[in-house]
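Please examine the sequence and the three-dimensional model shown below. A short report on selected features is then given.

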Amino acid sequence: MPELPEISARSKEMKDTLVDKTIQHIEILQPKSLNVPEKEFIRALTGATICNVSSRGKWIFVETDQGWLLLNLGMGGEILLTPCDEQPEKRRLSFRFDDGTCLSINFWWFGYVHYMPSGSLQEHKMTAKLGPQAIDLTAQDLKQIIANRKARVKSFLLDQSSIAGIGNAYVHDILFLAKLHPLRTLNTLSQDEIERLAGAIHAGLQPSIDKGGAFYEVNLQGEKGGFTMEDILIGYKEGQPCPACKTEIVKIKTGSTSSFICPNCQPIDE
Ligand SMILES: [Zn+2]
């Protein structure tokens, strides 16, 4: 599933390549991805020129002079920019631009392609409730968000309305870097531990951002991301030695999810 590193990489690539292009034609093969009727979507965005592209969490925000195009790849997918006669067969939707290129969007399972009129982005419920972008958080921000909350630290990190962009691919290494057990409760964290967690969120996401995201997602040209299993510290590596202390990494049950931890570096004792 794409998380902040992949989505921010796609968003940056889209900003670099799509700004000033005008949408000439829209092809919709999966109308259920839309939040408005197909005809309305096409009428709203045909002729629109792209002004900017940004991201928050797992959402990409394409700002046009005729309103917003909001994308969420769900479990994963591809966003590819190709000449229109070389479009991939597997696509749910595509946008043809005035320069003969096409942006085609495919979802492995299901995703969202939403339209919001200019000035009404706040009314888009799914993105309006997103927390701040994880990579931009300072220790001070995190202290404010965490104050007096009782959630477990792992479920807090995964809750997109608290912090946007962290999912199961990166959460294990973030907790390892913070030296925190996933089941620690927020109100037991010391100020030092919260500062460590803020640093760990950054340290756990930035290397993948720098490498264009994880290897299982592709960029607009169809090339795989450079962040591989070798770059992952402890996530999905049960039985292997902890990179810090050589203790065996274990997979544990944490509520309904599994977690990968070093029992020595991430003790449950508070
Ligand atoms: Zn360790």
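The model is predicted, so local features need pLDDT of at least 70 and side-chain atom pairs count only at pLDDT 80 or more, while totals for chains, interfaces and linings use all residues. Residues are numbered from 1 along each chain as its sequence is written, and side-chain values use heavy atoms, with hydrogens and water left out.

**Sheet and helices**

An open sheet is formed by four strands in the order β1-β6-β7-β5, with antiparallel pairing. Helices (H or I, at least four residues) and strands (E, at least two) are DSSP runs numbered from the N terminus, and two strands pair if DSSP finds at least two bridges between them. The edge strands, each pairing on one side only, are β1 (23–28) and β5 (77–83). On average, neighbouring strands of this sheet are turned by 15 degrees against each other, direction ignored. Strand β7 (residues 101–107) pairs with β5 in the antiparallel sense over seven bridges, and Leu80 stands opposite Ser104 in β7.

Helix α1 lies across β5, β6 and β7 and runs at about 20 degrees to β5. Helix α2 (residues 38–45) also packs on the sheet, where it touches β1 and β6; its direction makes about 165 degrees with that of β1. Axes are lines fitted to C-alpha atoms, for helices over the stretch in contact (heavy atoms within 4.5 Å), and angles run from 0 to 180 degrees between N-to-C directions.

**Cavity**

A search of the whole structure finds one cavity of 30 Å³ or more. A cavity is a set of points on a 1 Å grid over the protein atoms alone where a 1.4 Å probe fits but cannot get out; lining residues have an atom within 4 Å of a point. The largest cavity holds about 40 Å³ of space. Its lining includes Met14, Leu18, Phe95 and Phe97. Two or more lining residues come from each of α1 (4–18), β4 (67–72) and β6 (93–97). The lining residues comprise ten nonpolar, no polar and no charged.

Buried means under 20% relative accessible area, computed with a 1.4 Å probe on protein chains only.

| Residue | Relative accessibility |
|---|---|
| Ser104 | 2%, buried |
| Ser259 | 1%, buried |

Ser104 is found in strand β7. Beyond four places in sequence, the contacts of Ser104 include Glu78, Leu80, Arg91 and Ser94. Ser259 lies in strand β10 (residues 257–261); beyond four places in sequence, its contacts include Lys154, His172 and Pro182.

Technical notes: 1 Å grid on protein atoms, 1.4 Å probe; cavity = no way out; pocket = protein on both sides within 12 Å on 5 of 7 lines; lining within 4 Å. Points joined across faces, edges and corners; volume = space filled by probe spheres on them. Nonpolar A, V, L, I, M, F, W, Y, C, P; charged D, E, K, R; others polar. Buried < 20%, exposed > 50% of the residue type's maximum accessible area, 1.4 Å probe, protein only.
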